[in-house]
Amino acid sequence: MPALDAALLGLLGLLVGSFLNVVIHRLPRMMELRWAAECAHMQAQVGTDHAPSTSAEPFNLMVPRSRCPHCGHQIRWFENVPVLSYLALRGRCAGCRTPISARYPLIELLNAGLFAWCGWRWGLTPTALVWSGFAAAVLALAAIDWDTTLLPDDITLPLVWAGLCAAALGLSGTPLPQALWGAVGGYVSLWLVYWGFKLATGKEGMGYGDFKLFAALGAWFGWPALIPMILMASLIGAVVGIGMKVFSQLREGGYVPFGPFLALAGLTAMFFGPSSILAAIGL
């Protein structure tokens with residue numbers, strides 16, 4: 001029963017989407033704290049005075065419990081029910097009535113929709129679960145990169161290995177040789193673009209996280225999908241970048257993160273297949 005499978009996985013997607021909001025918010029901060037601790041350790045080793053202090057309070061995906069950033073109100077369990085709590089609270093903190101970003105329920109709903117589609121297409125099967133995991137990972141990466149221009153290794157590298165393992169187990173539908181060379185080709189191709197641009201202009205056009213994300217897409221879809229996905233990501237990224245420049249919406253430094261467009265290309269390939277991307281752009 002495809003509808004029942006979609007409903008059950010969609011419900012799971014709501015719950016996972018709530019956790020994705022935590023990942024999107026906290027993982028960049030965890031990276032900054034880790035970098036600060038490493039800098040402090042290095043400065044202590046070389047005897048630098050006034051080494052930066054680091055907080056001993058644990059901060060990870062589990063602790064501390066979620067709080068309102070404005071008033072410190074601790075989020076109770078019934079205020080953290082995906083989508084429903086947001087509607088019941090009318091999009092405001094229960095403590096100080098400060099508006100809560102609508103992105104929280106949107107991430108939950110979008111992830112639920114991705115999971116439901118996987119359930120509709122593949123049923124309650126391991127294949128549906130691995131593709132649901134893929135969708136959740138690229139959704140989180142897209143949001144983090146858009147906010148911070150960071151693509152954390154904590155997500156990109158496991159995504160590469162997950163794609164290779166899924167291919168080896170016959171769960172992704174991609175033959176293992178294609179997945180292996182897809183991962184290699186995805187990384188090396190953007191690495192070459194990066195160095196070519198840097199040697200020509202003296203500037204960095206993208207980050208190493210983009211290489212790893214493209215390698216992950218290659219591992220999931222195989223090397224034949226690399227060209228369609230990079231064409232789609234580049235085309236949409238260029239259009240969005242030009243639009244932001246026209247309306248003076250570019251951030252300081254004029255950067256537009258590339259990860260969200262790679263993620264969009266990956267989700268499009270999951271929904272319609274890589275060949276459909278070429279057809280959509282007339283190739």
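Start by selecting L262. Setting aside neighbours within four places in sequence, L262 is in contact with L190, D210, L213, F214, L217, I230 and A233. Keep in mind that this is a predicted model.

**The α7 and α9 pair.** Now show helix α7, residues 208-221, and helix α9, residues 259-272. Their axes lie 10 Å apart, and the packing angle is about 5°. Angles under 35 degrees count as roughly parallel, so α7 and α9 are roughly parallel to each other. Colour the residues of the contact next. From α7, pick D210, L213, F214, L217 and F221. From α9, pick G259, L262, A263, G266, A269 and M270. By type, the residues of this contact divide into eight nonpolar, two polar and one charged.

**The largest nonpolar core.** Widen the view. The largest nonpolar core has 59 residues. Select F134, L159, F221, M229, L262 and M270, which have the most contacts inside this core. At least two residues each come from α1 (2-45), α3 (103-122), α4, α5 (153-168), α6 (176-201), α7, α8 (226-246) and α9. Which helix gives the most to this core? Helix α4 does, with 13 residues. As background, nonpolar side chains tend to be buried together in soluble globular proteins.

**D145, on α4.** Stay with α4, which covers residues 126-148, and select D145. Is D145 buried or exposed? D145 has a relative accessible area of 3%. The limit for buried is under 20%, so D145 counts as buried. Show the side chain. The side chain of D145 reaches the backbone nitrogen of L150 at 3.3 Å. Beyond four places in sequence, the contacts of D145 are L150, L151, D210, R251, P257, F258, G259 and P260. Two of these partners bring you back to the helix pair: D210 belongs to the α7 side of that contact, and G259 to the α9 side.

**T174, between α5 and α6.** Move to the loop between α5 and α6 and select T174. T174 is buried, at 8% relative accessibility. Which residues does T174 touch, not counting those up to four places away in sequence? They are A167, A179, W220, F221 and G222.

**F19, on α1.** Select F19 in helix α1. With a relative accessible area of 38%, F19 is partly exposed. Draw a distance from F19 to P274. The two residues are 255 apart in sequence, and their C-alpha atoms are 29 Å apart in space.

**Backbone stops.** Finish with the loops. Most residues other than glycine have a negative phi, and most peptide bonds are trans.

- Select V63 and P64. The peptide bond from V63 to P64 is cis, with omega near -5°. P64 sits in the loop between α1 and α2 (84-88).
- Select R90, in the loop between α2 and α3. R90 is not a glycine, yet has a positive phi of about 55°. R90 counts as exposed, at 74% relative accessibility.
- Select R97, also in the loop between α2 and α3. Its phi is positive too, at about 65°, although R97 is not a glycine. R97 is partly exposed, with a relative accessible area of 39%.

Note on methods: Residues are numbered from 1 along each chain as its sequence is written. This is a predicted model: local features need pLDDT of at least 70, side-chain atom pairs count only at pLDDT 80 or more; totals for chains, interfaces and linings use all residues. Side-chain values use heavy atoms; hydrogens and water are left out. Helices (H or I, at least four residues) and strands (E, at least two) are DSSP runs, numbered from the N terminus. Buried means under 20% relative accessible area, exposed over 50%, partly exposed in between (1.4 Å probe, protein chains only). A polar contact is a pair of N or O atoms within 3.5 Å; within protein, one must be able to donate a hydrogen and the other to accept it, and residues adjacent in sequence count only if both atoms are side-chain atoms. Contact means heavy atoms within 4.5 Å. Axes are lines fitted to C-alpha atoms, for helices over the stretch in contact, and angles run from 0 to 180 degrees between N-to-C directions. Angles under 35 degrees count as roughly parallel, over 145 as roughly antiparallel, 65 to 115 as roughly perpendicular and the rest as oblique. Ala, Val, Leu, Ile, Met, Phe, Trp, Tyr, Cys and Pro count as nonpolar, Asp, Glu, Lys and Arg as charged, and the others, Gly among them, as polar. A nonpolar core is a set of buried Ala, Val, Leu, Ile, Met, Phe, Trp, Tyr and Cys residues joined through side-chain atoms within 4.5 Å.
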